[in-house]
Amino acid sequence: MMSLMDVDTLLTTTRSVRRKLDLDRPVEPEVLAECLRIALQAPAAGALLSSIRWLVIRDQATRSAVAEHVREPARAAQAQFGHLVSQATLASSRHLLDVLDRVPVFVLAAMIGRPAGPGADANVFYGSVYPAIWSFQLALRSRGLGTTITGYHLDGHEADVAALLGIPDDVTQVALLPVAYLTTTDFRPAARPSVQSVTYYERWGRAQD
Ligand SMILES: Cc1cc2nc3c(=O)[nH]c(=O)nc-3n(C[C@H](O)[C@H](O)[C@H](O)COP(=O)(O)O)c2cc1C
């Protein structure tokens with residue numbers, strides 16, 4: 001299927017969607033599989049490409065149980081760090097938590113294994129799945145669906161979710177993505193730092209002449 005959205009629009013308007021998810025419209029297995037197939041075209045560090053796993057969760061009872069494990073650490077994190085994000089983002093995040101169990105599909109991105117250590121090992125380990133996660137988000141958006149990366153349950157509740165879903169001990173959960181069709185197509189580029197303010201030339205800290 002050829003998307004009608006031009007590439008720069010896709011890249012600049014794919015947002016983290018929390019409020020504008022259609023909780024009532026089913027997500028077809030085929031569209032999800034297509035987006036995951038596209039995601040697997042993303043770059044990964046050598047052999048780590050074969051470590052990526054997706055776990056698709058549609059069952060309502062399972063989604064509700066996962067949502068319970070997400071809410072507790074999420075609300076604790078929001079109480080602690082909520083002041084660091086905008087009021088709009090905080091409200092949007094709270095909304096997603098409130099309706100989480102009603103989002104039709106969860107996709108859990110995972111990696112077989114654990115990063116061998118910090119630094120370069122962690123870099124290639126997580127860096128080998130995040131490009132695929134972002135490609136998944138782009139592929140969803142171009143088909144009228146959306147999601148948000150969430151990692152709340154990884155703070156103390158990864159093992160609970162692993163037990164619930166039968167995930168082996170040597171698998172690292174990376175992100176839980178609640179997926180739904182979008183209720184609007186009206187997404188815009190977000191406020192971001194100017195390129196000038198975050199880019200140096202020839203030497204660290206040096207602006208362009
Ligand atoms: C590694 C990573 C973890 C994130 N974790 C969360 C999360 O737990 N909850 C959430 O609502 N958004 C999460 N996000 C999404 C960011 O909050 C979001 O990208 C940011 O608000 C900017 O909004 P935008 O994606 O619409 O541009 C995460 C994003 C990344 C890259």
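What follows is a short exchange on that model.

A: It is a predicted model, where local features need pLDDT of at least 70, side-chain atom pairs count only at pLDDT 80 or more, and totals for chains, interfaces and linings use all residues. Residues are numbered from 1 along each chain as its sequence is written, and side-chain values use heavy atoms, with hydrogens and water left out.

Q: Is Gln173 buried or exposed?
A: Gln173 counts as buried because its relative accessibility is 2%; buried means under 20% relative accessible area, with a 1.4 Å probe and protein chains only.

Q: Which element holds it, and what does its side chain pair with?
A: Gln173 lies in strand S5 (strands are DSSP runs of E, at least two residues, and helices runs of H or I, at least four, numbered from the N terminus). Its side chain makes a polar contact of 2.7 Å with that of His153 (N or O atoms within 3.5 Å, one able to donate a hydrogen and the other to accept it; residues adjacent in sequence count only if both atoms are side-chain atoms).

Q: Switching topic, how many residues has the largest nonpolar core?
A: The largest nonpolar core has 26 residues, and Trp54, Ile133 and Val179 are among those with the most contacts inside it. Such a core is a set of buried Ala, Val, Leu, Ile, Met, Phe, Trp, Tyr and Cys residues joined through side-chain atoms within 4.5 Å.

Q: Which elements give two or more residues to this core?
A: Helices H2 and H6, with strands S2, S3 and S5.

Q: And what covers the buried residues of H4?
A: The cover includes S1, H3 and S5.

Conventions
Contact means heavy atoms within 4.5 Å. Buried means under 20% relative accessible area, exposed over 50%, partly exposed in between (1.4 Å probe, protein chains only).
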